[in-house]
Amino acid sequence: MKSSAGSLDPQTRAEVLVQAIPYIQDFAGKTIVIKYGGGAMVNTSLMQSVMSDLLLLQLMGMRLVLVHGGGPFINRALEAIGHQSSWQDGLRVTDATTMQVAQEVLAGGVNKTLVRAVGAAGGQALGICGLDGCLLQAQKHRGPVDLGYVGDIESVNCRILHDGLDAGYMMVVASIAGSPAGDVYNVNADHAAAAIAAGCGAQKLILMTDVLGVLKDRSDPASLLSVLSQKDVPALIDAGIIQGGMIPKINCCLDALAGGVQQAHILDGTLPHAILLELLSDDGIGTMVI
């Protein structure tokens, strides 16, 4: 499955296609929410490959919502105006200037770049942010440190997403949220994707990141846990197998499952055709949380 198409003999190509049939049947007509970011977004050629893979899934009948952040692009924009960023527990401290830059970069820059990439692959995408149609409503993040305009999602209004999906568009969502009081918040893209997946009745949540998934031994790719039951997560955290930045990703998966999503996946979006291998093959390529 990991060989390039040109190196596969006709018999193997046919077997690959046949293996995908039951998955295509299961997922046709279902909503799948994908969080996209990291190296898969920064590398232009890889980004175009991912968009082509997503278009293929859409042509198979899947309803796709692509949720994105864009931290590296925000960093560049802030550096260009000489504004310093600071971080607390993995979250960007967002003052008024940073919030304005984040909104412009995510909703106006990165979002439209992804829409254009879908178009270049031959598809049609509709780019929005959480402010549009009151898609994402948030409140100020509560914690021991004031993070400024960082929000926690309180509610999701999926009407605008369903309207776009019904019209045949791939929906591309920037992780910016509003509040009933009119404030604008920067929200974590993983959290936004999990909230949208649960709120919109998605079949699957997929978090595309820069690591293979959950590894028993972080130095051994062969120790990947292909399937992980949510009941086993606390013990794996206690044992230090799930640690660091993987903990919030796993928590996003658990939140999505608690909201009715059937499966959640963590996979390395920098690997060629990772999302196709995870969804349409028996072995998969990342960690599926059930």
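Is Cys-134 buried, partly exposed or exposed? With a relative accessible area of 44%, Cys-134 is partly exposed. Please keep in mind, as we walk through this structure, that the model is a predicted one.

Cys-134 sits in the loop that runs between strand E5 (125-129) and strand E6 (136-140). Its backbone deserves a look too: the phi angle of Cys-134 is near 50°, a positive value in a residue other than glycine.

## The disulfide

How many disulfides does the structure hold? There is one, and it is formed by Cys-158 and Cys-200, whose sulfur atoms are 1.6 Å apart.

Cys-129 takes part in no disulfide. For Cys-129, the nearest cysteine sulfur is that of Cys-134, 11 Å away; a disulfide here would need the sulfur atoms within 2.5 Å. Cys-129 has a relative accessible area of 6%, so it counts as buried.

Cys-253 is likewise in no disulfide. The nearest cysteine sulfur to that of Cys-253 belongs to Cys-252, at 7.0 Å. Cys-253 is buried, and its relative accessible area is 0%.

Let us turn to strand E13 (residues 263-268), a mostly covered strand in which six of six residues are buried. Gln-263, His-265 and Leu-267 point one way from E13, and Ala-264, Ile-266 and Asp-268 point the other way. Residues on both sides of the strand are buried.

E13 pairs with two strands described here. Strand E11 (residues 204-209) runs parallel to E13 and is joined to it by six bridges; in this pairing, Met-208 stands opposite Leu-267. Strand E14 (residues 287-289) is antiparallel to E13, with three bridges between them, and Met-288 in E14 is the bridge partner of His-265.

## Beyond E13: His-273

Between E13 and helix H10 (274-280) there is a loop, and His-273 is found in it. His-273 has a positive phi of about 60° although it is not a glycine. How accessible is this residue? His-273 is partly exposed, at a relative accessible area of 41%.

## Where H3 meets H5

Helix H3 (residues 44-59) and helix H5 (residues 96-120) have axes that come within 9 Å and cross at roughly 60°. The crossing of H3 and H5 is right-handed.

Which residues make the contact? From H3 come Met-47, Gln-48 and Met-51, and they meet Thr-113, Leu-114, Ala-117, Val-118 and Ala-120 in H5. By type, the residues of the contact of H3 with H5 are six nonpolar and two polar, with no charged ones.

## Ser-179

Ser-179 lies in the loop between strand E9 (176-178) and strand E10 (184-186). Its relative accessibility is 12%, so Ser-179 counts as buried. Leaving aside residues up to four places away in sequence, Ser-179 touches Gln-137, Ala-138 and Tyr-185.

Key:
Residues numbered from 1 in each chain as written. Predicted model: local features only at pLDDT ≥ 70, side-chain atom pairs only at ≥ 80, totals over all residues. Heavy atoms only, no water. Axes fitted to C-alpha atoms, helices over the stretch in contact; angles between N-to-C directions. Helix = DSSP H or I, 4+ residues; strand = E, 2+ residues; numbered from the N terminus. Left-handed = near helix turned anticlockwise from the far one by under 90°. Contact = heavy atoms within 4.5 Å. Nonpolar A, V, L, I, M, F, W, Y, C, P; charged D, E, K, R; others polar. Buried < 20%, exposed > 50% of the residue type's maximum accessible area, 1.4 Å probe, protein only. Pairing = 2+ DSSP bridges.
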